[in-house]
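Here is a short walk through one protein chain. Keep the sequence and the 3D view side by side as you read.

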Amino acid sequence: MKLKNYIAGNWIEGSGEGIKLLNAVNGELVAISDTEGINFEEALHYGRTVGYKNLSAMTFYDRGEMLKKIALYLLERKKKYYELSYKTGATHVDSWVDIEGGFGTFFTYSGLAKRMLPNTPFWVDGEIQKISANGTHLGTHILTPSEGVSVQINAYNFPVWGMMEKLSTSLLAGVPSVIKPATPGSYLTQAVFQDMIESGLLPEGALQLVAGEPGNILDYVQDGDSVLFTGSAYTGRKLKSLPSIAGNAVRFNMEADSLNASILGLDAKPGTPEFDLFIKEVRNEMTTKAGQKCTAIRRIIVPEHLVGDVQNALSKALDQTKIGNPLNRETRMGAIVGKKELEVLKGKINQLKSETELIYDGQHELLDADFESGAFMSPKVFYNDQPFEKNISHEVEAFGPVSTLMPYKDAEEAAALAKRGKGSLVGSIVSHDEKFVAETSWKMASAHGRIFVLNRDNARESTGHGSPLPTLMHGGPGRAGGGEEMGGLNGLHFFLQKTAIQGSPDILTAITKIYTQGAGKKYSDKHPFQKYFEEVEIGDSLETAGRTVTEADIVNFSNVSWDHFYAHTDATSLTGTIFDQPVAHGYFILSAAAGLFVSGKKGPVIANYGLENASFFKPVYAGDTITVYLTAKEKINRGVKGRNIPSGVVKWLVEVVNQREEVVCVATILTLVAKQSPFLDLKFNTVRKLLNGLSENSERKFGIMSPQMMVEHLEEVVRKGLEITDAKDFEQIPEEQIEKLQDWLYTNNKIRPGAQYPLLKEGETPVLRHKNLDMAKEALLNSLKEFQIYYRENPHAHHYHTKFGMLNKEMWELFQRKHFTHHFEQFGLI
């Protein structure tokens, strides 16, 4: 019944009586939270030492892959999280936002990492800065994980998302964390956390959990540590001023309560799509999570002549919202998280009553629940008739299904009212009048972390007023705490130390793993485009032959490209320009450069992936001779999906010089470069040579096959790629499964030992067809030769595979390579 804490790699039960955590719907005991007796000083020390060492040593790319694997692992176990979430008073939709929204944050940051972050433990930030006349002394910046532990104090409204949102950035940045969920609902946080630990995907010390009250944990934070707090502004300010935080330069990020506003545009009259959207959005924000959202709409700002229309429409919408037990399918709003929080909410409502009028107090009948046992409250709407005089609406946040309606006259007043919240996480404007939206939004922007504009054009795909997104900043100024969370890769900066690096080009290249102009180049006989991704080294270079540009080149490129800009085609129009004669097109120079440095022979380079930072410094005229220096600048490991060959991106520095060794053009091109395959290349002579190493006495490393049985099995499977097999003779493979299986063929994942051959029943062994092993080898080689010739002559042929469905030539070859590798490794031949 007691929730265990996870401290220094061990599950620990508190030594006190603990705090009873009750079901918000029926008041029944769910669990007991107890953190008494925890050695918080030890926990932080363990994170700084063991956790930091293990997590910071991983690359950004690998941490991103870890996030994805954790999210997939948790997603498979989501059913039990929903069962616990209902006990917090959350409906199914509320729970989906909290649980799967939290996992989605991990997925988003995993994708960002694999697309945009390096496969190194550090991150180069910004361009190289030239700080000396001759370029022998340069500077740049790198970002490394801050050497400490992150203490993350979360609010009770989102037990899962609140944790995952902070962890997505701290884990990706390489900083270990101690998670302190709010005590109500901590049983849900603990369940998800426990599965993260049991997944085995996290390095030791990366995460710890304080499942309840925080005790004196913040007394032990020190320089290098960070604290992230979500909760009330009052509590946040107290924590921020603690001597251990203020005196030790501990990084502190606060996301506090927020009196968010939504503005109905002057144009959004009843009958317009915007009016209906506004009513729907306000109702949703008041009732989702029973209004227990830091981004919920607390102030409803409407044109003064529409107050009555909004009041009537909103009242009707709230009347239709069914409240009660989240397990009832008709329920649309659940309970407040607990009785204690309900009493606090009632106190805030009484404060609002002191200055404003309660104009809606829905007396709802509960579904499968009652007000006495559960922590329920019906929606409440107040009216502030003088919002510039009565300040209670701009000062008191009732954290529940409570909001205040107030009038405005023009855009100036609307923005001014929105800003009276003294800093908000989000403000929204519902209008189709672009001028009104533009004028209002920039005026209120200084007091808001996010501005959400809704109208008929984006309503279908809108994510809503109250939904923070991983790719956009979540936070706000002033009362909202002044913090910034998520915001794409910017969210990592809070956990990273930025350091200026100065040195010679060679030194900067060595430190950053990115080639710096002026550093030494590595020349070899092998063309760089003939190297696999793993073989390419930073600094690998190629000096090309020269090419003399002719007048015909310039004319022909103009005709091919249709670029007839006067500087290329009209010598009579050059007076007063920077050109002495018709100049070669910049894009021709790049194209000609590519013609000089590419390798025509097929190799690991798959495709041109992009072009960056192209600059032209000197004109190139007919008669000039250009030469290209190509240098491997940077390597980016890249996760690929679907039917793509495993590959990485190589950035190449292209320097084009003329016959006077003057730089005329510099650019960075990106190529997609295949990774070395771990699978056997099925060249006939290679396979024959390896088979020569197989005898009847060869020992197998796994499985039950004898050497001859294995060779005959390979022959049979090779022939399956040539036969006409009727899919109807086999059990139907679901369409979505076939797609995943066929995508798997393109990965570097091997066939696992023990995989069952689909044409054999369990316990059955194949009957040998050949007299001896040598005859079996000869038959296999003949079959392989026939297979290769067949697909050369029939490149568009498709044949059925009993496990993977209908395969084309490329898929069959990928499968055969995996299959031969699997069985040759079985007998230690490779």
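Glu551 is exposed, with a relative accessible area of 61%. Here exposed means over 50% relative accessible area, buried means under 20%, and partly exposed lies in between (1.4 Å probe, protein chains only). Glu551 sits in helix α15, residues 551-561. Helices (H or I, at least four residues) and strands (E, at least two) are DSSP runs, numbered from the N terminus. Tyr621 is 70 residues away from Glu551 along the chain, yet their C-alpha atoms are separated by 8.2 Å.

This is a predicted model, in which local features need pLDDT of at least 70, side-chain atom pairs count only at pLDDT 80 or more, and totals for chains, interfaces and linings use all residues. Residues are numbered from 1 along each chain as its sequence is written, and side-chain values use heavy atoms, leaving out hydrogens and water.

Now turn to residues 11-498. UniProt, in an unreviewed entry, places the feature "domain: Aldehyde dehydrogenase" there. UniProt positions follow the numbering used here, feature names are shortened, and annotations may be inferred rather than shown by experiment. The span is 34% helix and 20% strand, and its end C-alpha atoms lie 35 Å apart.

Next comes helix α10, residues 307-319. Val307, Val310, Leu314, Ser315, Ala317 and Leu318 of α10 are buried. They cover an arc of only 165° around the axis, so they lie on the same side of α10. The arc is that of the directions from the helix axis to the C-beta atoms. Among the elements covering these residues are α9 (273-287) and β13 (297-303), where contact means heavy atoms within 4.5 Å.

Follow the chain on to strand β17 (residues 427-430), which pairs with β18 in the parallel sense over 4 bridges. Pairing requires that DSSP finds at least two bridges. Gly427 stands opposite Ile451 in β18. From β17 the chain crosses through helix α13 (residues 434-444) to β18, a right-handed β-α-β crossover. Right-handed means that, with the strands pointing away from the viewer, the path from the first strand over the helix to the second runs clockwise.

Phe436, Val437, Thr440, Ser441, Lys443 and Met444 are buried.
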